[in-house]
Amino acid sequence: MVKLLHLFITSSKPVVEILLITLVGFYMALDGVNLLGQDARKYLNNIVFYVFSPSLIGSRLVDSVTYESLVKMWFMPVNVLFTFIIGSFLGWIVIVITKPPSHLRGLIVGCCASGNLGTMPLIIVPAICKQRGGPFRDPDNCQKYGMGYVVLSMTMGTIYSWTYVYNIMRVLISPIETQPSIESNYDTSKVPLISSQEEEDNQKAGRWEKVKRRIVSLSEKVNLSTIFAPATIAAMIALVIGLITPLRKLIIGNGAPLGVLQDSLTLVGDGAIPAMTLIVGGNLLKGMRSSGMKKSTIIGVLVARYILLPISGLFIVRGAYKLDLITSDPLYQFVLLIQYAVPPAMNLGTITQLFGAGESECSVIMLWTYALASVSLTAWPTFFMWLVA
């Protein structure tokens with residue numbers, strides 16, 4: 001009972017931190033304060049997209065990635081991709097059942113697909129490792145290997161968010177909504193997914209021709225340039241530096257000649273998560289005043305993220321272990337499992353702000369999912385630790 005209470009407190013800490021910073025952002029967006037108004041949130045979003053997120057990914061990844069660690073953790077990028085694919089499928093089920101407005105479909109799929117693979121594991125795993133007599137070896141080794149697992153998890157989650165989820169939300173957003181501000185640099189045309197003339201032609205064409213035309217139409221809407229978003233480029237550079245030993249010794253480590261670059265990057269990257277959370281808090285004010293999000297939709301997202309997705313992850317990770325695709329390291333299996341039980345990613349608030357659609361509804365979903373995250377991040381980790389240990 002004491003261990004369960006301690007785990008509850010440990011799991012609740014990151015949730016409480018995020019809720020407190022969200023309240024600060026909410027206060028700053030009040031009309032009487034007006035420090036985080038609509039224009040301010042837009043500018044802050046651009047800073048997060050171009051500066052904070054790339055710095056966070058680059059500084060965390062370059063410090064932990066090596067050739068040996070990548071070979072050992074090869075299944076983790078695949079596992080993270082599974083969380084996104086299964087979450088997208090569950091999001092479509094929520095859309096079919098709850099029938100939300102068309103401009104919110106991308107948000108619902110994004111909330112079900114993209115999980116917070118950075119902040120939550122980054123706090124929970126080290127906190128669990130500090131426990132003497134815990135299930136994951138001695139605290140020192142647990143901390144060392146656990147942080148490597150968490151950093152790769154966070155990196156892959158960010159890359160998939162800005163490539164897979166970003167483009168899905170972009171495709172699903174209503175054509176009447178404004179396109180994201182960052183896309184002005186890419187000269188993207190604003191056209192409906194399927195034009196009226198195209199639909200008339202589809203009625204005359206066969207089933208295969210309809211499928212072909214729809215795929216072509218969707219592919220035209222996908223902004224391939226976001227695959228090379230700043231966060232993705234930062235991850236690529238970090239991988240190169242981490243895998244090439246001479247470069248690594250030049251930049252990484254206490255006695256590295258250019259170690260100040262790593263320190264500066266870490267300092268800037270530490271502002272990413274607070275900035276994202278402040279934006280969510282600022283958008284929450286608008287959501288409380290006028291939100292088109294139905295209760296059934298919110299409940300559907302909660303069920304998808306906190307019940308169905310963890311159960312799916314349980315079968316995938318345990319199946320991979322039975323097939324000898326992953327090692328018997330209980331800490332590694334625990335991190336793989338916890339990736340299915342976290343709340344939605346904070347950068348969804350940044351993405352909705354860039355699109356100018358669903359910002360308030362996103363904040364409402366974030367409020368409910370993070371308010372209930374303390375329950376999910378206590379029950380599931382407790383079961384996962386029992387299972388792998």
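**Close-up views of a predicted model**

**View 1. Confidence differs among the elements.** pLDDT is the predictor's confidence in each residue, from 0 to 100. Helices (H or I, at least four residues) are DSSP runs, numbered from the N terminus. For the protein, the mean pLDDT is 78, and 78% of the residues reach 70 or more. Over residues 175-195 pLDDT stays under 50. The model has 40 contacts beyond four places in sequence for this stretch. Contact means heavy atoms within 4.5 Å.

This is a predicted model: local features need pLDDT of at least 70, side-chain atom pairs count only at pLDDT 80 or more, and totals for chains, interfaces and linings use all residues. Residues are numbered from 1 along each chain as its sequence is written, and side-chain values use heavy atoms, with hydrogens and water left out.

**View 2. The largest nonpolar core.** This core has 103 residues. Met76, Phe136, Trp162, Tyr332, Phe334, Leu348 and Phe384 have the most contacts inside it. Helix H7 (residues 139-172) gives the largest share, 14 residues. A nonpolar core is a set of buried Ala, Val, Leu, Ile, Met, Phe, Trp, Tyr and Cys residues joined through side-chain atoms within 4.5 Å. Buried means under 20% relative accessible area (1.4 Å probe, protein chains only).

**View 3. Around Leu348.** Neighbours within four places in sequence are left aside here. Leu348 is in contact with Gly110, Cys111, Ser114, Val165, Met169, Cys362 and Met366.

**View 4. The largest cavity.** The structure holds four cavities of 30 Å³ or more. The largest has a volume of about 210 Å³. Of its 19 lining residues, Gly118, Met154, Thr158, Met276 and Asn347 lie nearest its centre. H7 gives the most to the lining, five residues. Helix H2 (38-64) and helix H13 (272-289) each supply at least two. The lining has nine nonpolar, 10 polar and no charged residues. A cavity is a set of points, on a 1 Å grid over the protein atoms alone, where a 1.4 Å probe fits but cannot get out; lining residues have an atom within 4 Å of a point. A volume is the space filled by probe spheres set on the points.

**View 5. The second largest cavity.** Its volume is about 70 Å³. His103, Gly106, Leu107, Met169, Ile173, Thr352, Phe355, Ala357 and Gly358 line this cavity. Helix H5 (105-113) and helix H16 (347-355) each supply at least two lining residues.

Definitions and conventions
Buried < 20%, exposed > 50% of the residue type's maximum accessible area, 1.4 Å probe, protein only. 1 Å grid on protein atoms, 1.4 Å probe; cavity = no way out; pocket = protein on both sides within 12 Å on 5 of 7 lines; lining within 4 Å. Nonpolar A, V, L, I, M, F, W, Y, C, P; charged D, E, K, R; others polar.
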